[in-house]
Amino acid sequence: MSNTPMAANPLTRAVLEIDEYASGLGWDQPARLFALVDTARLRVQEPGLAAQLGLADEEQAAAALTPIEQDEIPAGKPLDEFLGTIAWPDAVVGCALTVERLMLPPSAEAQVPEGLNEAKLAKWVAAHPERQEVRMTVAVLRDGSRDSAVRLREKDTPTEVLTGADLVPGLAQALSATFEE
């Protein structure tokens, strides 16, 4: 993607590419799952697919990792349950997920009423005046590397995307578990 900022780390570049793609689709989108494949290996082993993905020329193929969007995540199935059903072939070196959520600042944690079930907690968060709508893109590799990007809806520009390995540790762990046998 031509507007993806350059990053030294190939995993960060893949995360930012996926974030840019998700941003182009707009907000209020379902979660999206991506396989991450080694671009050079893809060009050698699957030249037709590489060409279809626009990786035929050297400039587009410069990315070390190529995200490939997977089938839609089933609506109504909890994300953690869905991720528990995933098994990746050996050609997949990593995976990524982009998902939208409501988040509260740490200062609001003390205000959370006790004893709320998941549905009531979600309703309480949705009504909270300090809530923020965010899109989180998290990626992991088989070797344990991870990276993520978080975009606030109210600051929806590429220059306001936060990146870091430990921004969404629970989701990174859930994605890493998809590579466990």
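Which residue in strand 2 is the bridge partner of Phe34? In strand 2, that partner is Glu69. The legends below describe a predicted model, in which local features need pLDDT of at least 70 and side-chain atom pairs count only at pLDDT 80 or more, while totals for chains, interfaces and linings use all residues. Residues are numbered from 1 along each chain as its sequence is written, and side-chain values use heavy atoms, with hydrogens and water left out.

**View 1. Strand 1 and its pairing partners.** Helices (H or I, at least four residues) and strands (E, at least two) are DSSP runs numbered from the N terminus, and two strands pair if DSSP finds at least two bridges between them. Strand 1 runs antiparallel to strand 2 (residues 65-69), to which five bridges join it, and strand 1 also pairs with strand 3 in the antiparallel sense, over six bridges. Six of the seven residues of strand 1 are buried, where buried means under 20% relative accessible area, exposed over 50%, and partly exposed in between (1.4 Å probe, protein chains only).

**View 2. Two aromatic pairs.** Rings of Phe, Tyr and Trp (its six-membered ring) pair if their centres lie within 6.5 Å, and planes under 30 degrees apart count as stacked, over 60 as edge-to-face and the rest as tilted. A search of the whole structure finds two such pairs. Tyr21 and Phe34 are edge-to-face, at 6.0 Å centre to centre with 90° between the planes. Because Tyr21 lies in helix 1 (residues 10-25) and Phe34 in strand 1 (residues 32-38), this pair ties together parts that are 13 residues apart in sequence. Tyr21 is partly exposed at 29% relative accessibility, whereas Phe34 is buried, with a relative accessible area of 4%. The rings of Trp88 and Phe179 have centres 6.2 Å apart and planes at 25°, so this pair is stacked. Trp88 lies in the loop between helix 4 (79-83) and strand 3 (92-103), and Phe179 in the segment after helix 6 (169-176), so the pair ties together parts that are 91 residues apart in sequence. Both Trp88 and Phe179 are buried.

View 3. Arg135 has its place in strand 4 and is buried, with a relative accessible area of 2%. Strand 4 (residues 132-141) pairs with strand 3 in the antiparallel sense over 10 bridges, and Arg135 is the bridge partner of Glu100. The charged end of Arg135 sits over the ring of Trp27, 4.1 Å from its centre; the criterion is that NZ of Lys or CZ of Arg is within 6 Å of the ring centre and within 35 degrees of the ring normal. A polar atom of the Arg135 side chain also lies 3.1 Å from the backbone oxygen of Gly26.

**View 4. Helix 1 and its ends.** The 16 residues of helix 1 should span 22 Å at 1.5 Å a residue, and its end C-alpha atoms are 23 Å apart, which agrees; the expected span is 1.5 Å times one less than the number of residues. Asn9 caps the N-terminal end of helix 1, with a side-chain oxygen 2.7 Å from the backbone nitrogen of Leu11. Helix 1 is followed by Gly26, whose phi is positive, near 90°. Among the buried residues of helix 1 are Leu11, Val15, Ile18 and Ala22.

Conventions
Polar contact = N/O pair within 3.5 Å; in protein donor to acceptor, adjacent residues only side chain to side chain.
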